[in-house]
Each structure stands twice: as C-alpha cells, then as structure tokens.
Amino acid sequence: MLLLLVSCAKEQPVLKPLWDTPPLPQGAVFFVDDTQVDNEVLNNYLTRPWSELCAQKGIIEDPVALEVEFFADSLALMRPLVRAELLLREAQSQFRELDEHEVERFQNEMEANIGSALEALTKRYGSDGWREHVIRQLQMQKLHEVFRQYSINVTDKEVHDYYTDHVMVDLPPSAEREQQNLSYEYLEPMLRQKLEKDAVTAAEEKWIDEQLAKTSAVLKLRDGQEVIIY
C-alpha cells in the first residue's frame with residue numbers, strides 16, 4: 001500500500017499558482033516639493049497595491065495593459081504616499097544623526113520580530129538597503145514619540161467611557177464571556193494604549209493636513225506622462 005501511495009504521489013501533476021505576479025513596473029518617479037522620493041520607498045509603497053491588483057486579475061496576459069490600469073487613478077494611488085513622505089522627511093530632518101548602538105539594538109529587535117521573513121527582506125533590499133530601511137523605521141518611531149508628547153493626554157474618564165461605549169455594549173455570548181476576562185481593571189491598560197495611539201495618529205494627521213496646503217507632488221510615468229497629485 002505504501003509503495004502504491006508513493007507511486008500515485010509521483011504521478012500527480014505539479015500545480016501552478018493561479019496567477020504569476022509580474023515584476024513591479026519600473027521607470028516611474030515621484031516628486032514631493034520638487035525632491036524625488038527615494039526609489040526604494042516608492043517601490044516598497046507600490047508593491048502591495050500592485051500585488052493586490054495582480055491577484056484580482058488572476059492570469060496576467062498583458063502586463064503593459066495592467067500597468068496602465070494600475071496608474072489609471074494616480075491620485076487615489078499616490079496621495080497616501082505623499083502623507084507618509086511628509087512624515088518621513090520630518091523624521092529624517094529631526095533625527096538626522098543617530099547613535100550607532102541605538103540603531104544596532106533597533107535592528108536586532110526588528111529582525112527578531114520579523115522572524116522567518118528576514119531572509120526574503122534582506123534579499124529584496126540588499127544589505128545596505130535593509131540598513132537604510134531600519135534607520136528610516138527608527139527615525140519614524142522617534143517622530144511618533146514627539147507627537148505623543150504633544151498629543152492630548154488620555155484621561156481616566158475617556159478610557160472608562162470607551163470601555164462603557166465599546167466593550168460593555170458589544171459583549172459576546174455568556175458562554176464565551178466565561179472564557180474571557182472583560183473586567184475594566186484587566187482591559188484598562190490596553191484600552192488606554194489604543195486611545196493614546198489614536199491620539200498620536202490624529203495629531204500626525206492634523207500636522208500633515210497643515211503641510212499639504214503648501215505641498216506639491218508630481219508623478220512622472222515612464223511614458224513621459226506627468227500627473228499632478230497636489
């Protein structure tokens with residue numbers, strides 16, 4: 001029986017993926033305030049929406065047509081990157097000089113959290129590119145802390161109100177509640193952390209909105225077309 005199973009297994013055809021994702025289109029450049037966005041930052045940002053579009057299409061018969069479709073709504077595609085780039089440039093401006101030991105510790109923490117995906121990421125970025133990515137992430141983390149200091153402090157009342165309005169009004173069935181600790185004392189630290197994170201995000205978004213009033217952004221496609229984003 002074992003030999004039969006092995007024989008049958010060998011005869012099974014090799015299954016191909018439902019789609020083969022073409023390489024991310026290259027050649028487009030993006031400028032924010034007349035300064036080109038780093039190609040690695042641009043590629044990293046575009047990778048996810050490109051992969052999602054390819055997954056939706058399934059089998060790709062015409063990559064050129066797919067690229068045209070990808071950039072068809074460039075405003076919706078690129079505006080989130082403008083917001084992210086403004087934050088990144090502010091972070092790089094404020095934290096241009098970083099302690100080497102701090103960078104090493106942060107890189108070790110990142111790589112420990114990434115786990116098995118580290119090899120693929122370092123292959124994708126290259127050793128120098130990966131190091132630059134780590135530094136950008138550290139600079140962004142430091143900027144988040146700046147916004148945290150100046151964002152509105154979350155009060156005890158706000159945490160309790162959130163607990164009442166979002167936890168108590170949407171309780172799971174009683175059988176499930178027996179397996180969960182839904183007491184205010186237990187959840188309070190997590191709820192406070194969430195509200196603090198929301199406050200930081202709100203402060204960052206407000207700052208970005210203020211910068212957008214004086215920001216320009218232009219996407220130049222490889223066919224020569226220019227799209228004004230802002």
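Q: Which residue in β2 is the bridge partner of Val32?
A: In this predicted model, Val32 has Thr35 as its bridge partner in β2.

Q: How many bridges join β1 to β2?
A: There are 2 bridges between β1, residues 29-32, and β2, and these strands run antiparallel.

Q: What stands opposite Val32 in β3?
A: Ala217 does. β1 and β3 are paired over 4 bridges, in the antiparallel sense.

Q: OK, what's the order of the strands in the sheet?
A: The order is β2-β1-β3-β4, in an open sheet of 4 strands with antiparallel pairing. β2 (35-36) and β4 (226-228) each have a single partner strand, so one side of each has no neighbour in the sheet.

Q: And how do β3 and β4 connect?
A: They form a hairpin, with 5 residues between the two strands. Gly224 sits in the turn and has a positive phi of about 95°. The strands are joined by 3 bridges, and Val218 stands opposite Ile228 in β4.

Q: Which residues of β3 are on its covered face?
A: Ala217 and Leu219 are on the covered face, while Val218 and Lys220 are on the uncovered one.

Q: Which helix lies across β1?
A: Helix α4, residues 74-94, does, at about 55° to β1. α4 also lies across β2, β3 and β4.

Q: Switching to helices: at what angle do α7 and α10 pack?
A: About 100°, with their axes 9 Å apart. That makes α7 roughly perpendicular to α10.

Q: Which residues of α7 meet α10?
A: His144, Phe147 and Arg148 do, and their counterparts in α10 are Glu196, Val200, Ala203, Glu204 and Trp207. The contact residues divide into 4 nonpolar, 1 polar and 3 charged.

Note on methods:
Residues are numbered from 1 along each chain as its sequence is written. This is a predicted model: local features need pLDDT of at least 70, side-chain atom pairs count only at pLDDT 80 or more; totals for chains, interfaces and linings use all residues. Side-chain values use heavy atoms; hydrogens and water are left out. Two strands pair if DSSP finds at least two bridges between them. Contact means heavy atoms within 4.5 Å. Axes are lines fitted to C-alpha atoms, for helices over the stretch in contact, and angles run from 0 to 180 degrees between N-to-C directions. Angles under 35 degrees count as roughly parallel, over 145 as roughly antiparallel, 65 to 115 as roughly perpendicular and the rest as oblique. Ala, Val, Leu, Ile, Met, Phe, Trp, Tyr, Cys and Pro count as nonpolar, Asp, Glu, Lys and Arg as charged, and the others, Gly among them, as polar. Buried means under 20% relative accessible area, exposed over 50%, partly exposed in between (1.4 Å probe, protein chains only).
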